[in-house]
Amino acid sequence: GHMIHGQELSAKSAGKYVSFLRSYWKWLGQQKHVKVDDVWAAPLPRAKVTRGRHTNEEPDEGKRPYTAAELKKLLAGKPPDPMLLDLTRVAALTGMRLEEIYRLRVRDVAGGFFLVRDGKTVNAKRRVPIHTDLEATVKRHKEGKEAGDYLVDPDAPVIEKTGLRSGAASKAFGYYRKSLKLDERPNGKAKSNIDFHSLRRWFIASARDGIL
């Protein structure tokens with residue numbers, strides 16, 4: 001703070017000085033000249049990102065949920081594999097990640113809940129209520145299967161390199177989404193701001209706003 005406000009240095013320049021002093025202080029401690037403590041352990045100043053007065057850059061708010069119109073377009077389309085519509089409905093009405101859906105087995109559908117047994121984070125294990133609009137879809141996917149069978153796409157293998165079952169479905173959804181011109185890449189960014197995970201973002205926002 002003193003360097004930025006007192007010495008009128010930019011955050012970028014102040015960060016360089018702090019980084020140097022941090023390394024020098026560590027060296028002094030190794031040489032037993034000072035007692036090493038966390039005096040320089042604070043985060044480095046963050047450089048302020050500025051744009052010129054005239055710019056061609058598009059606004060970019062980052063990853064976001066689908067809008068109601070976009071979600072309607074996804075559900076009204078005709079993908080090569082109709083299962084993509086089921087996956088879209090399940091993700092939008094449960095907030096589950098794609099791989100979590102693919103890991104469900106028939107026995108994980110019980111008492112009006114999906115039982116998520118593992119997932120991406122330590123808090124992934126949970127019970128997810130089955131929305132009334134999903135009951136027919138779930139019943140259809142359970143028909144003719146044993147308790148230990150995967151609920152959706154039972155023939156999809158676990159890819160050894162990634163440990164995931166949902167890789168092919170993820171790619172197929174991406175192609176379907178782009179075929180509907182649902183793609184947002186401001187300033188030519190590599191990945192779209194809307195993707196399959198945006199269904200989970202839509203669920204979270206809708207649950208927060210009480211519209212589910």
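Where does Lys-181 lie? In this predicted model, Lys-181 sits in the loop that runs between α7 and α8, the latter spanning residues 197-209. Its backbone has a positive phi of about 60 degrees, although Lys-181 is not a glycine. For context, most residues other than glycine have a negative phi. Because its relative accessibility is 72%, Lys-181 counts as exposed. The loop between α7 and α8 also holds Asn-187, another non-glycine residue with a positive phi of about 60 degrees. Asn-187 has a relative accessibility of 40% and therefore counts as partly exposed.

Helix α7 itself, residues 167-179, packs against helix α4, residues 83-94, with the two axes 11 Å apart and at an angle of about 95 degrees. The two helices are therefore roughly perpendicular. On the α4 side, the contact is made by Leu-84, Leu-85, Leu-87 and Thr-88, which meet Ala-169, Ala-172, Phe-173 and Tyr-176 of α7. Sorted by class, this contact of α4 with α7 contains seven nonpolar residues, one polar residue and no charged ones.

Helix α7 turns up again at the largest pocket, where it gives the most to the lining, with eight residues. Helix α5 (98-103) likewise supplies at least two residues of that lining. The pocket has a volume of about 800 Å³. It is lined by 26 residues, and the closest to its centre are Leu-98, Ser-170, Asp-195, Phe-196 and His-197. By class, the lining comprises 13 charged, seven polar and six nonpolar residues.

Key
Residues are numbered from 1 along each chain as its sequence is written. This is a predicted model: local features need pLDDT of at least 70, side-chain atom pairs count only at pLDDT 80 or more; totals for chains, interfaces and linings use all residues. Side-chain values use heavy atoms; hydrogens and water are left out. Axes are lines fitted to C-alpha atoms, for helices over the stretch in contact, and angles run from 0 to 180 degrees between N-to-C directions. Helices (H or I, at least four residues) and strands (E, at least two) are DSSP runs, numbered from the N terminus. Angles under 35 degrees count as roughly parallel, over 145 as roughly antiparallel, 65 to 115 as roughly perpendicular and the rest as oblique. Contact means heavy atoms within 4.5 Å. Ala, Val, Leu, Ile, Met, Phe, Trp, Tyr, Cys and Pro count as nonpolar, Asp, Glu, Lys and Arg as charged, and the others, Gly among them, as polar. On a 1 Å grid over the protein atoms alone, a cavity is a set of points where a 1.4 Å probe fits but cannot get out, and a pocket is an open set with protein on both sides within 12 Å along at least five of seven lines; lining residues have an atom within 4 Å of a point. Grid points are joined across faces, edges and corners, and a volume is the space filled by probe spheres set on the points. Buried means under 20% relative accessible area, exposed over 50%, partly exposed in between (1.4 Å probe, protein chains only).
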